[in-house]
Amino acid sequence: MPKQEIRSALEKLHAELEQAPPLDEDLRRLLVEVDADIHHVLHQAAPEQARVHGLRDRIDALAADLAIQHPAAERFLRELINALGRMGI
């Protein structure tokens, strides 16, 4: 179930960002990288712990940036963080 929660949170985040004002280039790049890394980790049976910790740090940084620029989108990113946490990521 946590993988479905993660997918759902990602879908909500993307939908919210499509309706929001455009992201600055750095934030957009970070979001694309985090999205790709989340999908990579979800498809591994046993993700590398170093990669997982780096991912968590980058998601937290992204959430802080979104809280300032796009508060509604930040809520969905927090849902994503919680779902990843339930998976042990």
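Which residues in α1 meet which residues in α4? In this predicted model, local features need pLDDT of at least 70 and side-chain atom pairs count only at pLDDT 80 or more, while totals for chains, interfaces and linings use all residues. Residues are numbered from 1 along each chain as its sequence is written, and side-chain values use heavy atoms, with hydrogens and water left out.

From α1, the residues P2, E5, I6, A9, L10, K12, L13, E16 and L17 meet A72, A73, F76, L77, E79, L80, A83, L84 and R86 of α4, where contact means heavy atoms within 4.5 Å. Sorted by class, this contact has 13 nonpolar, no polar and 5 charged residues. Here Ala, Val, Leu, Ile, Met, Phe, Trp, Tyr, Cys and Pro count as nonpolar, Asp, Glu, Lys and Arg as charged, and the others, Gly among them, as polar. Helices are DSSP runs (H or I, at least four residues), numbered from the N terminus.

Helix α1 covers residues 2–19 and helix α4 residues 71–86; their axes come within 9 Å and cross at roughly 165°. The α1 and α4 helices are therefore roughly antiparallel, a label for angles over 145 degrees. Axes are lines fitted to C-alpha atoms, for helices over the stretch in contact, and angles run from 0 to 180 degrees between N-to-C directions. The crossing of α1 and α4 is left-handed, meaning that the near helix is turned anticlockwise from the far one by less than a right angle.

Because E5 lies in helix α1 and R86 in helix α4, the pair ties together parts that are 81 residues apart in sequence. E5 is partly exposed, with a relative accessible area of 26%. Buried means under 20% relative accessible area, exposed over 50%, and partly exposed in between (1.4 Å probe, protein chains only).

α1 also packs against α2, at an angle of about 165° and with the axes 12 Å apart. These two helices are therefore roughly antiparallel to each other as well, and α1 passes α2 in a left-handed crossing. On the α1 side the contact involves K3, I6, L10, L13, H14 and L17, which meet L31, D35, I38, H39 and L42 in α2. By class, the α1 contact with α2 has 7 nonpolar, 2 polar and 2 charged residues.

How many salt bridges does the structure hold? The structure holds 7, each defined as a side-chain nitrogen of Lys or Arg within 4 Å of a carboxyl oxygen of Asp or Glu. Side chains of opposite charge can pair when their charged atoms come close. In one of these bridges, E33 pairs with R29, with the closest N and O atoms 3.2 Å apart. E33 and R29 are 4 residues apart in helix α2 (residues 25–42), so about one helical turn separates them. Both are partly exposed, E33 with a relative accessible area of 32% and R29 at 42%. R29 and E33 are also linked with D37 and R58 in a network of salt bridges. Between the C-alpha atoms of E33 and G88 the distance is 20 Å, and the two residues are 55 residues apart in sequence.

R78 counts as partly exposed at 35% relative accessibility, whereas E74 is buried at 17%.

The loop between α3 (49–69) and α4 holds H70. Is H70 buried or exposed? H70 is buried, with a relative accessible area of 7%. Leaving aside neighbours within four places in sequence, H70 is in contact with L17, A20, P21, P22, L23 and L27.

Of these, L27 is found in helix α2 and is buried, with a relative accessible area of 3%. Not counting residues up to four places away in sequence, L27 touches L62, D65, L66, Q69 and H70. The C-alpha atoms of L27 and Q69 are separated by 9.7 Å, with the two residues 42 residues apart along the chain.

Conventions:
Angles under 35 degrees count as roughly parallel, over 145 as roughly antiparallel, 65 to 115 as roughly perpendicular and the rest as oblique.
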